[in-house]
Amino acid sequence: MKISNFFHKIALLSLPVAILASCGEPQFKVTGEVEGGADKSLVLEKSDFHGRWIPVDSTKVKSSGKFEIKSDAPASPEIYRLSLDGKFIYFPVDSVENIVIDSPAGKFGSEFEVSGSEQAANMAAFEKELMALDFSDEAKRDEFKKNVYNKYLRESRGSIIGYYVLTKIVDGKPLYDPESTSDAKYYAAVATAFEQFRPTDPHAGMLRNVSLQAMRRRNADQGKKRVVEAEEIKLIDIELPDENGKKVKLSDIAGKGKKTVVVFGMMNEPESPALNIALSELYNNLGGNVEFYHVSFDGDQYAWRDAARNLRWITVIDPAGMTSDALRSYNVGALPTFFVYSADGTLTDRAHSVVDLRKKL
C-alpha cells in the first residue's frame, strides 16, 4: 500500500537537496538510532503548501547507529519527514522540540518509534494503524476514518496532525476525500478547529477553502440547494449575535420596505479591509435605500468584534465557523458571497463580488 501526504491532484515534485544554514534562530532537534544503518545518509525534509518535500538538512548515521539533525524551528507548526533509501518516517514540529526516532535500517518507514511530543507520538500511531488497514475494504475504511477522527482529530484544537491526516494519500487516493459528501463533515470540523484555535496558521485558509467546496457538493447531493439562479425563494432566516452579543435576525430587517444584502465573509483575512471599503462605498452611494446583514465566520471573535464596530451596518458572527447552518442553507461554496432580498423579503439574486453586487442592486 503506497502512502503519501499532500493535497489531492497535486503532484510530488523532485527537488535537488538544498542544505539550509542556521543563523542563530531557535531550533528543533531530531535524534535517535537507525539500527544497522551505519554510514547511511539521512535527509530531513519539510512539506510545503504545494505537496513538495524540500530537503533542509542531512547527516550520516554513526557507526553506533546514532544520529542527530538540527534545523530552524518553523514559524508555525509544520510536517517533516526523515528519508532513508527512499523510505520515510513522518513527524510534526510545533516549535523548539527534541524529536526521537528509532528504526531498523532494513525496515525504515514500516517499523519505528517516535517520541518527543504528544503530537509526534499520535502521528506515529496513526501511521502504523494506516499501514495495517485494508484500504480496498470500503466498510473497514469508513470505520477506520471514523475512529481516527474520534481518536486524533475531535479534540485536536487545530493541531497540525489534523491537517496531515486530512491530506493523506493512500494508493493514489485521498484517505479523506474532499469530493466525497460523506467526508465533508471531517473537513468542516477540522477547518472550524483551525479557525477557532489557530486562525493565523497558514493551513487554516487552505482547509477552509477545501471545507467550503466539500460542503457545497454535499449540500447539492442532499437536495438542499436553495440558491437563487432562476426562481424566486422566500426568506431563509438567520439569527446570530452581533458585536455586542445581542442576537439579530435577518427577518428583523429584510422585507421591511428596503432591499437587503446578506454578506457572507471574513473580517480578518488579508483581503477583508479592501472588501469592507468597497462595501462602505456601495452602502453610502445607495443613500440609505438598502440594508446590509454581514455574517462573518472568523475564529478570533475579539479581532472580529474590533473590525465589526467600524462598520455602519448590521454585523453578526457565526461561532459554528465552517459547520455553519447558514452556509449550508445558502449553499455557499466560496467567500465572500452576497445574496440580495427585494423590499418585500423575497430572495432574488446572488453575487460573487462587490462589482457584481453593484450591478444587481
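# Report on the predicted fold

The protein chain has nine helices and 19 strands. The model is a predicted one. Of the 361 residues in the protein chain, 50% are buried. Among contacts between residues at least 6 apart in sequence, 65% join residues at least 24 apart.

## Helix packing

Helix α2 takes part in two helix contacts described here, one with α1 and one with α4. The geometry of each pair is set out below.

| Helix pair | Residues | Axes come within | Crossing angle |
|---|---|---|---|
| α1 and α2 | 118-131 and 138-153 | 12 Å | roughly 170° |
| α2 and α4 | α4: 184-197 | 11 Å | roughly 10° |

The axes of α1 and α2 cross at roughly 170°. That angle makes α1 roughly antiparallel to α2. On the α1 side the contact is formed by Asn122, Ala125, Phe126, Glu129 and Leu130, which meet Phe144, Val148, Lys151 and Tyr152 of α2. By class, six nonpolar, one polar and two charged residues make up the contact of α1 with α2.

For the second pair, the axes of α2 and α4 cross at roughly 10°. The two helices, α2 and α4, are therefore roughly parallel. Helix α2 contributes Lys145, Lys146, Tyr149 and Leu153 to this contact, while α4 contributes Tyr186, Ala189 and Val190. The contact of α2 with α4 contains five nonpolar and two charged residues, and no polar ones.

Four strands form an open sheet in the order β5-β2-β8-β9, and their pairing is mixed. Strands β5 (66-72) and β9 (113-115) lie at the edges with a single partner strand each, so one side of each has no neighbour in the sheet. On average, neighbouring strands of this sheet are turned by 15° against each other, direction ignored.

Within the sheet, β2 (residues 27-35) and β8 (residues 98-104) pair in the parallel sense over seven bridges. Strand β2 holds Thr31, and the bridge partner of Thr31 in β8 is Val100. Thr31 has a relative accessible area of 15% and is therefore buried. Leaving aside residues up to four places away in sequence, Thr31 touches Phe67, Glu68, Asn98, Ile99, Val100 and Ile101.

## Strands β15 and β16

A parallel pairing over seven bridges also links β15 and β16 (residues 290-296). In this pairing, Val261 stands opposite Phe292 in β16. Strand β15 (residues 259-265) is mostly covered, with six of its seven residues buried.

## Nonpolar cores

The largest nonpolar core comprises 53 residues, of which Ile238, Phe264, Tyr293 and Tyr330 touch the most other members. Helix α3 (residues 160-166) gives the most to this core, namely six residues. Tyr293 has contacts, beyond residues up to four places away in sequence, with Ile238, Glu239, Leu240, Val248, Lys249, Leu250, Ile253, Val261, Val262, Val263, Ile314 and Val316. A second, separate core has 23 residues, among them Val30, Leu82, Leu84 and Val93.

Terms used:
Residues numbered from 1 in each chain as written. Predicted model: local features only at pLDDT ≥ 70, side-chain atom pairs only at ≥ 80, totals over all residues. Heavy atoms only, no water. Axes fitted to C-alpha atoms, helices over the stretch in contact; angles between N-to-C directions. Parallel < 35°, antiparallel > 145°, perpendicular 65-115°, else oblique. Contact = heavy atoms within 4.5 Å. Nonpolar A, V, L, I, M, F, W, Y, C, P; charged D, E, K, R; others polar. Pairing = 2+ DSSP bridges. Core = buried A, V, L, I, M, F, W, Y, C linked by side-chain atoms within 4.5 Å. Buried < 20%, exposed > 50% of the residue type's maximum accessible area, 1.4 Å probe, protein only.
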